[in-house]
Amino acid sequence: MKNMLKYTILSLGITACITSCQKVIDINLKKAEQRYIVDALITDEQGYNFVTISRSKPFNENNSFERIYDATVWIKDLQDNISYPMTIGTFTTRYTNTALTARTGNSYELYVVIREDTLTAVCTVPETKVELDSIKIELSEFSRFLGRDIYVGVPVYKDPPGRGNYYLLRSYLNGLNTLSASYDSDEFIDGQVNKSPIFFRNINREDSVAEFNNGDTLSVELFCIAKPVYEFYFTLGQNSSAALSNPANPRSNVYGKNVIGVFNAATVSRKSIIADY
Amino acid sequence: MRTNKPFLYGTLTVLCLLSYLTGQAQKKYTISGYITDAKKGETLIGAEIEASGTKSQYTTSNEYGFYSITMEEGAYKLTFSNLGYEPTAENVQLSGNTRLDIKLREESDNVLEGAGISTQADNSNITDNRMGVERINVKEINKLPVLFGERDIVKAVTLLPGVKSDGDGSGSFYVRGGAADQNLVLLDEVLVYNPSHLLGFFSTFNSDALKNVTLYKGNMPAQYGGRLSSVMDVQMKDGNNQDYSVSGGIGLISSRLLVEGPIVKDKGSFMISGRRTYADLFLKLSNDTSLQKTILNFYDLNAKASYKISDKHRIFFSGYLGQDNLGIANAFGLDWGNKTGSVRWNYQVNPKLFSNTTVAYNDFAYNVKVDLNVFNSTIKSRIRDWSLKQEFSYFLNSRNEIKAGFQSVYHKVNPGSYTGDINISDLPLNYSWENAIYANNTWKATPKLTIDYGLRVSTFTALGGEQPFYTLDANRRVIDTRYYDKGEFVQSYINPEPRLSANYIINPTLAVKAAYARNAQYMHLLSNSAASNPTDKWIPTNNIIRPERSHQVSLGIAKNLKDNMFALSLEGYYKTMDNQIDYVEGVNILSNDAIETQLLYGIARAYGAEFLVRKNKGKLTGWIGYTLARTEKQIDGINNGDWYAARHDRTHDISVVAIYDVTKKLTLSGTFVYYTGNAVTFPSGKYTIDNRTVFLYTERNGYRMPAYHRMDLNVTYQLGKRKGRWESELTAGMFNVYGRENAYTITFEDDPDDPSRTQAKRTALFKFVPSISYNFKF
């Protein structure tokens, strides 16, 4: 049995060294027909709106994507029956209209003409506007079992009672928005105050762009969004998850030939804080 | 595929009449009894009984070791044999009903023969009237190399043609194009909902405790039902009714112990077998604090007791308990487990009529726990079944053996109840009732032709109670919600399931076989994860979700060579399935909104050819299996409604298994598998939105994973018998001996070193995994 023990320990050692191994490989992927990619936002804040149109490309090419600047873009308020032309200004790369203010409960139509192709979308601004109350910085409970102090930035807002509220949160670190938006529904937090953090300090996440230091300015925009917009972001979030057996394109609410995109008519509120922990 | 139902039922009626007419009345008597292991008293399943004399006859013992053979008055020589046992013969002068219990001695008991070397081989593959059946020799499987040295019948079954594994780190298996949830896994006649441990790395079955494993690849007899693709019928050991014995093993990641013995010698026995893993001990060696605090373990316990009340009555109690725990410190946890229990009563009404009554309970539950100051919650989910099965085996005459019975199962599904900070109400409990009646006759039409035909009629009723029943519009939106009184029949389905299997023996070494089966399935597993996950949802049939149904036809040929040393078989099958279920694309599986709004339905078809060469005796035994197959689905709303390859579609699949007895004490074994890649969805483009690179998909499962191949080796050395009855052996193995990096997943992402590019990354799980274990018995 003495030998047994020796061998067992030896084998244990060998096995412990074997972890899963990852390697970058070459795969011959097909080249899909190009798609129009539409990202459109209008808000209840006057002039805070944009439409961008870009195109998809083959996987093996680089990450610089073609933008379309010569489209004709309109947004129409379907209740007030007013159309707003969206144009590219001298210093912007996005289609905007400084006069447009989206109103809660109103429906809006997005209308895009690119050469012979027409893309359309309709979205309704949610009736209820939820205001972002504050951002607080707190010590995360992850600290307990990661063995070091982890601070998080939590946007504070209260979900109104009753199901059917959907949120999109966009975060800015020292004025820069480099992270993807986060999204939430009130299915599991109906009527409660949000506790999920957005910013992390010292957690070595892969997207370390979210990490902040003392003195950094953290800002958050809270959008109240329509359900189809939430579904777009939810399915977008699943797009490259390796844990799923059937990855798929996000559920688009923009329609037309060869298009993937989202038209988000939302309310917005924002708060900032200087990190001090 | 459309079936001609009148034709089918007409055929069955004619068969019944023919069987009746051919069994003419003469002066006949019955010999019946039990066949057991001489040393342990364990009943032997599928042992062969051959009578030669006035007329030759052949039968096999049933799943309780009982046999019954009816013949004309006269002198007979009865030969009893079972693989791995010495055949024994008895001369009988038949002049009245005779009771004859037989004890067979294990081959290795004979010192002259080397331990474990098979010296005999039979032609049961030729005479077997069923096709697509694999009787798995648990002893043989225990010699095969396995990951971490954990013996695993599910992994062994996937080495057979027509059965596919899901690659490294998965406990799922797929039979003839069927999905993972279409296998009926029975442990002592109780259904096991989740037959895998640790997200599929290990099977729930501790092979120490097992006696017999039979796999039916779709052409199951009428007594089985409820799943489309296969039946894996697993029987636990009864326990030694002669003497106490203890056996066990110490392995790298787990240890096992089995105790068995008589309750009353010759009359009753018990068996208790336990296994506990300590995989998380490895993680304690890690430098990473969070890994150190990871919990990763499982245990299982099998227990069985049997008692022979009299020559006519026997009773069996079986239980299984398995539990898995995953977690990080005490903050997050996922635990799940199966509990099954059954009581069975065998009653030999008369020498020709054998009855078995089974009362069973099973319980599969999982809990997801989050315990943080800011957030604390537990989600519990559970499925429970209560079932009753009554079966009569009537050994009518020398040509007809009838099985008939009924089965009734009450399902209670608790999709989720919440405690803690999630302030939503519990999901409503779901009740349903599944019933079946069946009859099956094995008709020896001529000495060369055996036809096994039967009919199962199954029903399923969704019962009223807490759960809502929805009406959906064409866009899958809920337009009406109705509730019914508890116990009220809301929606019922009935499915006749005819089964037919025929075998024609051309000569003692050559037979042709044909079979047809229709199956229905009422419980469905929904999964959107790449690995088998205990939290995948089991959902019962209701007013919207319909029963899955399949037709399967198969044809085959079996040939033996060199005095049955080599057994060859070739089988082909074609199967169609309807009411197949899949999630809509981009489903939110965590949502509790009506699941019916997230589902799509369609059809599937599978066809293939399976080739098997087995070497059954000599120092070198083993097999080579090859499968050529195709499995496709067509679901409205997926892939534009076009046919697409199912995820487990795999064109070529080869497995080679070899066991070589070098000396009496030393056994080498090896397996090699090669298969072409499964169908998979990869991107065909990319774009950017919301500060991220997003991948563009154009078709479902339009790509293939790279081919998989791997070789494993194992060596078993008997350390010899020391004083007393102590026996021990040392087993050492290597999984993936040449270190092939088989793709577990291929993921797509931005290149972390160059964000202007994207890359494909392959993750491989295991290479060069050594194992060692020490097994003992006394």
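## Glu73 of chain B and its contacts

Leaving aside neighbours within four places in sequence, Glu73(B) is in contact with Lys27(B), Tyr29(B), Leu94(B) and Ser95(B); two residues are in contact if their C-beta atoms, placed from the backbone, lie within 7 Å. Glu73(B) sits in the loop between strand 4 (66-72) and strand 5 (74-81) of chain B. Helices (H or I, at least four residues) and strands (E, at least two) are DSSP runs, numbered from the N terminus. Because Glu73(B) has 13 C-beta neighbours inside 10 Å, the residue counts as partly exposed. A residue is buried if 20 or more other C-beta atoms lie within 10 Å of its own, exposed if 12 or fewer, and partly exposed in between, with C-beta atoms placed from the backbone. Glu73(B) and Val192(B) are 119 residues apart in sequence, and their C-alpha atoms are 46 Å apart in space.

## Basis of the model

This is a predicted model, in which local features need pLDDT of at least 70 and side-chain atom pairs count only at pLDDT 80 or more, while totals for chains, interfaces and linings use all residues. Residues are numbered from 1 along each chain as its sequence is written, and chains are lettered from A and ligands numbered from 1 in the order in which they are written.

The model scores ipTM 0.90 and pTM 0.86. Chain B has an average pLDDT of 86, and 91% of the residues score at least 70; pLDDT is the predictor's confidence in each residue, from 0 to 100. Over residues 109-117 of chain B the pLDDT is below 50, and this stretch has 15 contacts in the model beyond near neighbours in sequence.

## Overall form of chain B

Chain B contains 6 helices and 50 strands. Its radius of gyration is 27 Å, close to the 28 Å that the globule rule gives for 778 residues, so chain B is as compact as a globular protein of that length. The radius is taken over C-alpha atoms, and the rule is 2.2 Å times the number of residues to the power 0.38. Along its principal axes, the C-alpha trace of chain B spans about 90 × 65 × 45 Å. Of the 778 residues in chain B, 46% are buried.

## An open sheet in chain B

In chain B, 5 strands form an open sheet with mixed pairing, in the order 9-16-17-12-13. Two strands pair if DSSP finds at least two bridges between them. Strand 9 (133-136) and strand 13 (190-191) of chain B stand at the edges with a single partner strand each, so one side of each is left without a neighbour in the sheet.

Strand 16 (residues 210-216) and strand 17 (residues 230-236) of chain B run antiparallel and are joined by 6 bridges. Leu210(B) stands opposite Met236(B) in strand 17 of chain B.

## Buried residues and cores

The largest nonpolar core has 77 residues, of which Ile153(B), Val157(B), Leu186(B), Leu210(B) and Met232(B) touch the most other members. A nonpolar core is a set of buried Ala, Val, Leu, Ile, Met, Phe, Trp, Tyr and Cys residues joined through C-beta atoms within 7 Å. A second, separate core of 63 residues includes Leu100(A), Phe199(A), Ile225(A) and Ile689(B).

Met523(B), found in strand 33 (residues 523-526) of chain B, counts as buried because it has 23 C-beta neighbours inside 10 Å. In chain A, helix 3 (residues 227-237) is mostly covered, with 8 of its 11 residues buried.
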